[in-house]
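Open the model in your viewer and keep the selection tool at hand.

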Amino acid sequence: MRTRQTATYMPTSLRGIANRARRDPKARFRDVYRLLNEVNLRECFSGLRKSAAPGVDQVTFAEYERNLDANLADLVDRLKRKRYRARLVRRKYIPKGDGKWRPLGIPVLEDKLVQLAAARILTAIYEQDFLPVSRGYRPGSDARETSRVLAGRLAIGRYAWVVDADIRGFFEHVQFGWMVRMLEQRIDDRAFVRLIGKWLRAGVLEEDGKILHPAAGTPQGGVISPVLANIYLHYALDLWFERVVRKGASGQAMMMRYADDFVVAFERQEEAEQFLKVLPERLAKFGLELSGEKTKLVPFQRNKQEGNGGFDFLGFQYHWERSRKGTPRVQRRTSPQRLQRSVKRFTEWIKEHRHEGLAGLMGTLRRKLAGYWEYYGVSGNGRSMSKYWRLVVRGLYQWLNRRSQRRSYTWAELYALLKRHRIPEPRFTESRQTVFVFTGA
């Protein structure tokens, strides 16, 4: 049978769980495993991405859907009889843009399905506990909005020092024991916790055919990994910062975390230095480690011209500058490293696809640039966007003219081609009125 893609909503059973979790911060939930039933799994199936890469069994969305009723009945039966087994996770490596590779885990479709159902249960419970400092992979939160909120808070606060922190290989170092202890703070259902343990301990099939059984970690790419990451860092980092660091600071202190990427701002230098001193010990308790080369203390002082730094977060570089009236303000521009990587990825793409039909090639380019301007089109970032546009057009001119032995386009003809196919030029997609100005303490 065919299924219809429906809008994501919270079933009545999950709304009841969320309401109870909100009312009682100490409540522990029993019998959540029974929510992995056919009704909820069918709804979750409609939420899976149809075009996602298959796992080790090579079963695609379309194949599973063709016999959906029987497949769901069999899956629910195995779950009820505790005979469900997590399959190997296929590992694929994708370039990070700095010469390194990020490991991506691709579970089989059936594991993705059950993980999505479990993730919705966890979200219903833990969304009531998560703090405002945690913004990644949460309902109603996105990266650009987080960048806007951070810039605004930096502008109106008395922050002068920023700890730009990076956790080394976070997803590969989540400790199983700690993860279970954290889950049991809110979940009193051994079957459900054991189910999550099966995914954490699932073997990994490497690209060379080797099978690994990791002693720690949750593969990036797993449907349940984002909410598990937020739960882990909620206890390991967020609560500690709010209850110990910020509460004990004599000056202002603020943290913003998006998944495993976070920055911490302080008013006083000595408190920023002390935080940076004790942070490695705190993370080590949970099996985590800071990246020494990427973690640093940055001066971020609104009235200081010499030696004042900027820092990168979520693809943007944050810095102080003065308006035409001389008022200090926080601005965002595309991180130079991110801009360089974006240009490199575009060059690799046009080089590989330059021989495709123009209609399809221009259609893909239109979508790529629309997405780029949608994210980076913030007030104050015009210079970086213009630079990216110039480099993109230059790359197009270079590689489209290599489609044959003679030059295919003059500059005028190339710009006419871009106009004909409605290729979007740089544009602001965030209100130009969104300027973060310091108005005093």
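Start by selecting lysine 82, which sits in the loop between α4 and β1. Helices (H or I, at least four residues) and strands (E, at least two) are DSSP runs, numbered from the N terminus. Although lysine 82 is not a glycine, its phi is positive, about 60°. Its relative accessibility is 41%, so lysine 82 counts as partly exposed; buried means under 20% relative accessible area, exposed over 50%, and partly exposed in between (1.4 Å probe, protein chains only).

Before moving on, note that this is a predicted model, in which local features need pLDDT of at least 70, side-chain atom pairs count only at pLDDT 80 or more, and totals for chains, interfaces and linings use all residues. Residues are numbered from 1 along each chain as its sequence is written, and side-chain values use heavy atoms, with hydrogens and water left out.

Next, select leucine 314, in the loop between β9 and β10. Leucine 314 also is not a glycine and has a positive phi of about 60°. With a relative accessible area of 13%, leucine 314 is buried.

**Salt bridges**

A salt bridge here is a side-chain nitrogen of Lys or Arg within 4 Å of a carboxyl oxygen of Asp or Glu. How many salt bridges does a search of the whole structure find? The search finds 19.

Show the side chains of aspartate 69 and arginine 42, which form a salt bridge with an N to O distance of 2.9 Å. Aspartate 69 belongs to helix α4 (residues 68-80) and arginine 42 to helix α2 (residues 38-45), so this pair links distant parts of the chain, 27 residues apart. Aspartate 69 is partly exposed at 40% relative accessible area, and arginine 42 is partly exposed at 26%.

Go on to lysine 296 and aspartate 164, a salt bridge whose closest N and O atoms are 3.1 Å apart. Because lysine 296 lies in strand β8 (residues 296-299) and aspartate 164 in strand β3 (residues 161-166), the pair ties together parts that are 132 residues apart in sequence. Lysine 296 is partly exposed, at 39% relative accessibility, whereas aspartate 164 is buried, with a relative accessible area of 7%.

Now pick aspartate 238 and arginine 257, a salt bridge with its closest N and O atoms 2.7 Å apart. Aspartate 238 is in helix α9 (residues 225-248) and arginine 257 in strand β6 (residues 253-258), so the pair joins parts 19 residues apart in sequence. Are these two residues buried or exposed? Both aspartate 238 and arginine 257 are buried.

For the last stop in this group, select Arg28, Arg30 and Asp188, which are linked in a network of salt bridges.

**Nonpolar cores**

In soluble globular proteins, nonpolar side chains tend to be buried together. A nonpolar core is a set of buried Ala, Val, Leu, Ile, Met, Phe, Trp, Tyr and Cys residues joined through side-chain atoms within 4.5 Å.

Select Leu122 and Ile231, the residues with the most contacts inside the largest nonpolar core, which has 84 residues. Helix α9 gives the most to this core, with 13 residues. Apart from it lies another core of 48 residues, including Leu154, Met385, Trp399 and Tyr409.

Return to isoleucine 231 and display its contacts (heavy atoms within 4.5 Å). Leaving out residues up to four places away in sequence, isoleucine 231 touches Leu122, Tyr126, Phe130, Met179, Met182 and Leu183.

**Pocket and cavity**

On a 1 Å grid over the protein atoms alone, a cavity is a set of points where a 1.4 Å probe fits but cannot get out, and a pocket is an open set with protein on both sides within 12 Å along at least five of seven lines; lining residues have an atom within 4 Å of a point. Grid points are joined across faces, edges and corners, and a volume is the space filled by probe spheres set on the points.

Select Lys96, Arg102, Asp261, Arg338 and Arg341, which lie nearest the centre of the largest pocket among its 50 lining residues. The largest pocket holds about 1800 Å³ of space. Which element supplies the largest share of its lining? That is α11, with six residues.

Finish with Pro11, Leu14, Leu35, Asn40, Glu43, Cys44, Ala117, Arg120 and Ile121, which line the second largest cavity. The volume of this cavity is about 70 Å³.
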